[in-house]
Amino acid sequence: MRKTTLTSLLAALAIVLAAPPLGAASWEGTIKLGGIVLDEDGDLSTVQETHNIYDGFSISQIRLVGAPTPNNYLMLNLRDLNLDGRKGELLYRRPGAFKLTASYDQHRQVFDAQRETNSERRDWNFGAGWTPAKWLRLSGYLNVQNREGNRLSYPAGTVSVLGTAYDNQLVTGSLSAEARKDRRGIAVGFRASGFADDLNPVADRTGTVFSARLFGSGFLYDKLTHVLRGAYGVSKLTDASIDYTLANFQYTGVVRPLDRFQFQYNFDAQRVDNESTKLKTDRFQNNFDATFYYQDGTVTDGYGYETNDDDRSLTSYHSWRVGATLRGAWHSARVRYASREKKDTEARTLLEDME
C-alpha cells in the first residue's frame with residue numbers, strides 16, 4: 001500500500017516536470033511536518049475513537065499549486081503521507097478544454113476498544129473532462145474501493161452469517177457525451193459497476209445502465225421547452241443467476257406564454273422486471289403545475305396522478321398542491337398545502353388513505 005501511494009506521488013510529480021518550461025510559470029507550495037501523540041488513560045470503551053488512529057512523526061501536508069502556463073492550472077495536495085491514514089488529490093485544468101482529477105483516501109475503522117478488530121479501506125478516484133469543440137463535451141470517471149480486515153460479530157461471541165472478515169472490491173465508472181447548439185442538445189451516457197467478495201462469492205454482482213437525454217425548444221411553439229430522458233439498466237448476482245432490469249422514460253415540457261405565467265407538465269414511466277421471480281412492476285406518474293409571478297412573490301398550483309401496477313395489486317394516487325410566497329425588503333413568507341389520496345382498485349392492500 002505504501003508503494004502504491006509512492007507510485008502515485010511520483011506520477012503526479014512527473015506531470016509537473018513534464019509541463020512547459022518554468023520561465024513562464026507561477027508556483028507556490030506548502031510543506032507541513034508534525035507529530036501525533038496518543039495519551040490514552042481510563043476506560044477506552046466509554047469514549048472510543050473509531051477512525052484513523054495512528055501516532056508518530058507525520059508529513060502532515062505537501063501542497064503544490066501553480067500555473068505551468070497562463071492557460072493551465074495544477075494542484076497537488078498530499079496529507080499524512082507517511083502514515084496509514086493518508087490522503088491525496090491531484091487537479092489539472094485547462095479552462096474550456098480539459099480537466100483531470102485524481103484522489104486517494106486510505107483509512108482504518110476500529111470496532112472495539114482494544115483495537116483488535118478493525119478494517120482498512122482504500123479509495124481511488126479518477127475523472128476527466130474534455131471539450132474538443134464548443135458544441136461537444138466528453139467526460140468520465142472511475143472509482144476503485146477496496147476493503148480488508150476483520151468483522152465484529154453480533155451478538156458478541158457468536159459466529160456471524162456474514163463471516164469474520166472483509167475482503168472485497170467495488171469498481172464503478174461512467175462515460176458520457178453531450179452535444180449542444182443554441183438551445184438544443186443531446187446527451188448519452190453509460191455507467192457500470194462490479195462488486196467482488198473473495199470471502200463470499202455469492203455476493204458478487206454487476207450492473208450496467210445506458211441513458212440518453214434530448215432537450216430543446218421551439219418545436220411546435222417557440223416558447224415551449226422539451227426535455228426527454230430515457231434509461232435502461234441490468235443488475236445481476238453473478239453466481240446466483242438473480243437479475244432484474246430497470247427501464248425509465250421521462251418527459252418534461254415547460255411553456256411560458258407570458259412573463260407572469262408558466263405551465264409545466266412532467267410524465268414519468270418506470271418498469272422493474274425481476275427475471276428470477278418473473279414479476280413486473282409498472283409505475284406511471286403525471287404532474288401538472290402552474291405558476292403565477294407577481295411583483296412581490298409567486299402563486300403555485302399543481303395536480304398529480306400516479307398508478308402502480310404489479311402482479312398482485314393496482315393502486316392509484318391523486319395529489320393536489322397549492323402554495324404562495326411573499327417577499328419584501330425586510331420580510332419573506334411562504335405557505336403551502338398538499339394532499340395525497342390513495343385508491344386500491346383491486347382491494348388487496350389493506351389501506352386506502354388520505355394524507
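Student: In which strand does Asn 248 lie?
Tutor: Numbering starts from 1 along each chain as its sequence is written, and side-chain values use heavy atoms, leaving out hydrogens and water. Helices (H or I, at least four residues) and strands (E, at least two) are DSSP runs numbered from the N terminus. On that basis, Asn 248 belongs to strand β12.

Student: Is Asn 248 buried or exposed?
Tutor: Buried means under 20% relative accessible area, exposed over 50%, and partly exposed in between (1.4 Å probe, protein chains only). Asn 248 has a relative accessible area of 17%, so Asn 248 counts as buried.

Student: Which residue has a side chain joined to that of Asn 248 by a polar contact?
Tutor: A polar contact is a pair of N or O atoms within 3.5 Å; within protein, one must be able to donate a hydrogen and the other to accept it, and residues adjacent in sequence count only if both atoms are side-chain atoms. Not counting residues up to four places away in sequence, Asn 248 is in contact (heavy atoms within 4.5 Å) with several residues, including Arg 229, Gly 230 and Asp 268. The polar contact is 3.1 Å, and the partner of Asn 248 is Asp 268.

Student: How far apart in space are Pro 257 and Tyr 221, C-alpha to C-alpha?
Tutor: Pro 257 is found in strand β12, which covers residues 242-258, and is partly exposed, with a relative accessible area of 28%. Leaving aside neighbours within four places in sequence, Pro 257 is in contact with Tyr 221, Lys 223 and Phe 263. Although Pro 257 and Tyr 221 are 36 residues apart in sequence, the C-alpha to C-alpha distance is 9.6 Å.

Student: How many bridges join strand β7 to strand β8?
Tutor: Two strands pair if DSSP finds at least two bridges between them. Strand β6 (residues 118-133) and β7 (residues 136-150) are antiparallel and joined by 13 bridges, with a hairpin of 2 residues linking them. Further on, Leu 136 stands opposite Ala 179 in β8. Between β7 and β8 (residues 165-181), also antiparallel, the bridges number 15.

Student: Which residue in β17 is the bridge partner of Ala 324?
Tutor: Strand β16 (residues 314-327) pairs in the antiparallel sense with β15 (residues 297-309) over 13 bridges, and Tyr 305 has His 318 in β16 as its bridge partner. β16 also pairs with β17 (residues 332-344), antiparallel over 13 bridges, in a hairpin with 4 residues between the strands. There, the bridge partner of Ala 324 is Val 335.

Student: What is the pLDDT over residues 1-6?
Tutor: The mean pLDDT of the protein is 85, and 86% of its residues reach 70 or more. Residues 1-6 have 11 contacts in the model beyond near neighbours in sequence. Where pLDDT is low, the predicted coordinates should not be read in detail. Over residues 1-6, the pLDDT is below 50.

Definitions and conventions
Predicted model: local features only at pLDDT ≥ 70, side-chain atom pairs only at ≥ 80, totals over all residues. pLDDT = per-residue confidence, 0-100.
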